[in-house]
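Here is a short note for a colleague who is opening this structure for the first time. Please read the points with the sequence and the model side by side.

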Amino acid sequence: MELLQKNKCFDGEQRIYQMYSSFLKGLTKFSVYLPPQALKAQKCAAVFYLAGLTCTEETFIIKAHAQRLAAQLGLILICPDTSPRGDDVAQADSWDLGQGAGFYLNATQSPWSAHYQMESYIVDELYSKVLQELPIQKNAIGILGHSMGGHGALTLAWKYPEKFKSVSAFAPICAPSVCPWGEKAFSHYLGGDQSEWAKHDAEQLVLVKGKLFDEVLIDQGVNDQFYSQLNPEKYQKACNKVGQKLTLRLHDGYDHGYYFIQSFIDDHLQFHALQLQK
């Protein structure tokens with residue numbers, strides 16, 4: 001963990017780190033907000049935030065305005081990049097595939113499999129590194145995401161409930177196997193076998209693994225320009241079927257962007273703080 005930048009923020013510090021990832025086979029950046037409690041070596045709960053298509057490790061920390069309440073609640077915020085980066089990393093001509101669009105899974109198909117191992121990077125490598133290097137309270141780590149990152153948060157939470165004790169999302173891609181974004185990414189990263197796609201589909205994971213959390217929180221803008229890609233109703237039905245409590249809040253007038261996230265980020269941080277105290 002090489003510290004590239006730090007800035008005082010609400011008596012805590014907003015930091016950007018760089019590390020070499022053996023899974024991504026290159027250097028990768030991630031941001032960390034340390035609340036003032038953490039700077040005093042107090043063990044704090046932590047929340048991973050997974051950003052959406054085209055975003056980086058800086059998008060959330062600049063646009064979401066989460067640091068003020070994180071400082072009050074004593075929450076560490078960890079924000080990885082959305083994909084591997086570099087001249088030797090496979091890229092596509094479109095914005096929704098390749099660099100900036102890792103989909104938080106381990107690719108199995110060439111040329112993507114050489115570097116696109118985002119799932120293992122996050123849950124094995126980065127998770128272990130921040131626990132080792134930062135004053136994080138073990139067994140008090142949550143996961144949150146937006147759009148593609150909401151897909152990542154829901155799927156990684158269901159795959160690794162031993163690592164993540166709370167989960168929420170903004171406008172997540174809930175059923176990527178049946179929407180254009182997911183079909184495009186999965187066919188390239190995972191190949192044509194749709195049984196493999198189901199292993200990375202939030203709706204399907206709930207149906208297979210059942211209830212794993214006390215509650216899940218999702219906020220969705222009704223005026224979201226990508227609503228047809230997201231399928232929150234499918235996820236609601238899956239949760240209802242297995243008895244998983246889901247609070248799905250639909251907000252009139254809100255779209256897919258960070259003004260929407262700013263409006264409700266406090267609710268998500270408070271949700272995680274409460275869940276992680278249990």
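How many of the residues of H5 are buried? The answer is in point 4. Keep in mind throughout that this is a predicted model.

1. **The sheet.** Start with the open sheet of nine strands. Its order is E1-E2-E3-E5-E4-E6-E7-E8-E9, and the pairing is mixed. The edge strands are E1 and E9 (246-251), each of which pairs on one side only. From one strand to the next, the twist averages 20°.

2. **The antiparallel part.** E2 and E3 (residues 26-34) run antiparallel and are joined by nine bridges. Glutamate 13 has leucine 34 in E3 as its bridge partner. Methionine 19 stands opposite threonine 28 in E3. The two strands form a hairpin with four residues between them. Look at lysine 25 in the turn: its phi is positive, about 55°. On to the next neighbour. E3 and E5 also run antiparallel, with four bridges joining them. Here valine 32 stands opposite isoleucine 78 in E5. How enclosed is E3 by the rest of the structure? Largely, because seven of its nine residues are buried.

3. **The parallel part.** Now go to E6 (residues 136-146). It pairs with E4 (residues 44-50) through six bridges, and the two run parallel. Alanine 46 has isoleucine 141 in E6 as its bridge partner. E6 also runs parallel to E7, with five bridges between them. E6 is mostly covered, with eight of its eleven residues buried.

4. **Helix H5.** Back to the opening question: twelve of the twelve residues of H5 are buried. Among them are Met148, His151, Leu154, Trp158 and Lys159. Note that Lys159 is on the buried list.

5. **The largest pocket.** Its volume is about 150 Å³. The lining includes Gly52, Leu53, Thr54 and Cys55. His146 and Ser147 also line the pocket, as do His256, Gly257 and Tyr258. Trp95, Trp181 and Phe226 belong to the lining too. What is the make-up of the lining by class? Six residues are nonpolar, six are polar and none is charged.

6. **Positive phi in two loops.** Aspartate 11 lies between strand E1 (2-9) and strand E2 (12-21), in the loop. Its phi is positive, about 65°, although it is not a glycine. Is aspartate 11 buried or exposed? It is exposed, with a relative accessible area of 54%. Histidine 65 also has a positive phi, near 60°, and is a residue other than glycine. It sits in the loop between helix H2 (59-63) and helix H3 (67-73). Histidine 65 is partly exposed, and its relative accessible area is 48%.

7. **Two prolines to check.** The peptide bond from serine 110 to proline 111 is cis, with omega near 0°. Proline 111 is in the loop between strand E5 (75-80) and helix H4 (118-133). The other is proline 172, in the loop between strand E7 (166-170) and helix H6 (180-190). Is proline 172 buried or exposed? It is buried: the relative accessible area is 1%.

8. **Distances for orientation.** Aspartate 11 and threonine 54 are 43 residues apart in sequence and 30 Å apart in space. Threonine 54 is one of the pocket-lining residues. Proline 172 and leucine 269 are 97 residues apart in sequence, and 17 Å separates them in space.

Terms used. Residues numbered from 1 in each chain as written. Predicted model: local features only at pLDDT ≥ 70, side-chain atom pairs only at ≥ 80, totals over all residues. Heavy atoms only, no water. 1 Å grid on protein atoms, 1.4 Å probe; cavity = no way out; pocket = protein on both sides within 12 Å on 5 of 7 lines; lining within 4 Å. Points joined across faces, edges and corners; volume = space filled by probe spheres on them. Nonpolar A, V, L, I, M, F, W, Y, C, P; charged D, E, K, R; others polar. Buried < 20%, exposed > 50% of the residue type's maximum accessible area, 1.4 Å probe, protein only. Pairing = 2+ DSSP bridges. Axes fitted to C-alpha atoms, helices over the stretch in contact; angles between N-to-C directions.
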